[in-house]
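Subject: Structure handover

Hello,

Here is the structure for you to take over. Please open it first and keep it in view while you read the notes that follow.

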Amino acid sequence: MTPEEKAHKSAVAMWDEDHASKWLGMELVQVAEGAATLSLVVQQHHCNGHGNCHGGVTFALADSAFAFACNSRNERSVAQHNLINYIAPARAGDVLKAVAQEVSLQGRSGIYDVQIFNQHDQLIATFRGMSRKVQGQLFEE
């Protein structure tokens, strides 16, 4: 199985059980070894009292992209630590795209950067996630 095939099969297995990302309205756009892209159309129910996309929704989108990237080798991985920087607000109707890319993978620990853009390619937020491999796989090889 090629790394791309493994990444795709891992993503399918994870997506089938990822009720939170689907409930929030995310879509899995692309996955590759150590990388993933998810999107979300910001709806009114995603917005806070200022009329902006709630920071927790933005964080959840980045966290989901991070999760698909760090699980792309069919080795169960979880978040160990995350950090987000909000750059610009997103509003209802915006189409957000979270692009996750592996920075480092050493032993059981990984570092992933996620950038979130709107439909105008404006940077909305940056996220860094640290992962930790745990026991198990997403599918049996």
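The end C-alpha atoms of residues 50–124 lie 16 Å apart, and this span is 21% helix and 44% strand. Helices (H or I, at least four residues) and strands (E, at least two) are DSSP runs, numbered from the N terminus. UniProt lists residues 50–124 as "domain: Thioesterase", in an unreviewed entry; its positions are given in the numbering used here, feature names are shortened, and annotations may be inferred rather than shown by experiment.

The model is predicted: local features need pLDDT of at least 70, side-chain atom pairs count only at pLDDT 80 or more, and totals for chains, interfaces and linings use all residues. Residues are numbered from 1 along each chain as its sequence is written, and side-chain values use heavy atoms, with hydrogens and water left out.

The sheet

Six strands make an open sheet with antiparallel pairing, in the order β1-β2-β4-β5-β6-β3. Two strands pair if DSSP finds at least two bridges between them. At the edges are β1 (26–32) and β3 (77–86), each of which pairs on one side only. On average, neighbouring strands of this sheet are turned by 20° against each other, direction ignored; axes are lines fitted to C-alpha atoms, for helices over the stretch in contact, and angles run from 0 to 180 degrees between N-to-C directions.

Strand β4 (residues 95–106) pairs with strand β5 (residues 109–117) in the antiparallel sense over 9 bridges. Within this pairing, L105 has G110 in β5 as its bridge partner, and K97 stands opposite F117 in β5. The hairpin of β4 and β5 has 2 residues between the strands, and G107 there takes a positive phi near 60°.

On its other pairing, β5 is joined to β6 by 9 bridges, and these strands run antiparallel. Here G110 stands opposite S131 in β6. The hairpin of β5 and β6 has 5 residues between them.

Two residues with positive phi

D121 lies in the loop between β5 and β6. D121 has a positive phi of about 60° although it is not a glycine. Is D121 buried or exposed? It is exposed, with a relative accessible area of 57%; buried means under 20% relative accessible area, exposed over 50%, and partly exposed in between (1.4 Å probe, protein chains only).

N74 is also not a glycine, and has a positive phi of about 65°. N74 is placed in the loop between α3 and β3, and it is buried, with a relative accessible area of 0%.

The core

How many residues does the largest nonpolar core have? It has 36, and those with the most contacts inside it are M26, L38, L61, F68, L96, V114 and I116. A nonpolar core is a set of buried Ala, Val, Leu, Ile, Met, Phe, Trp, Tyr and Cys residues joined through side-chain atoms within 4.5 Å. At least two residues of this core come from each of α1 (3–17), β1, β2 (35–41), α3, β4, β5 and β6. The largest share, 9 residues, is supplied by α3.

Outside the four places on either side of it in sequence, L96 touches L38, S39, L40, V42, C53, L61, A90, I116, F117, N118 and I124. Contact means heavy atoms within 4.5 Å.

S39 is found in strand β2 and is buried, with a relative accessible area of 15%. Not counting residues up to four places away in sequence, S39 touches G25, M26, E27, V29, L61, L96 and K97.

S72 is in the loop between α3 and β3 and counts as buried at 1% relative accessibility.

Aromatic rings

The whole structure holds 4 aromatic pairs. Rings of Phe, Tyr and Trp (its six-membered ring) pair if their centres lie within 6.5 Å; planes under 30 degrees apart count as stacked, over 60 as edge-to-face and the rest as tilted. One of the pairs is F59 with F127, edge-to-face at 5.3 Å centre to centre and 65° between the planes. This pair links distant parts of the chain, with F59 in helix α3 (residues 55–70) and F127 in strand β6 (residues 123–133), 68 residues apart. F59 is partly exposed, with a relative accessible area of 27%, whereas F127 is buried, at 3%. F59, F66, Y112 and F127 form one aromatic cluster.

Regards
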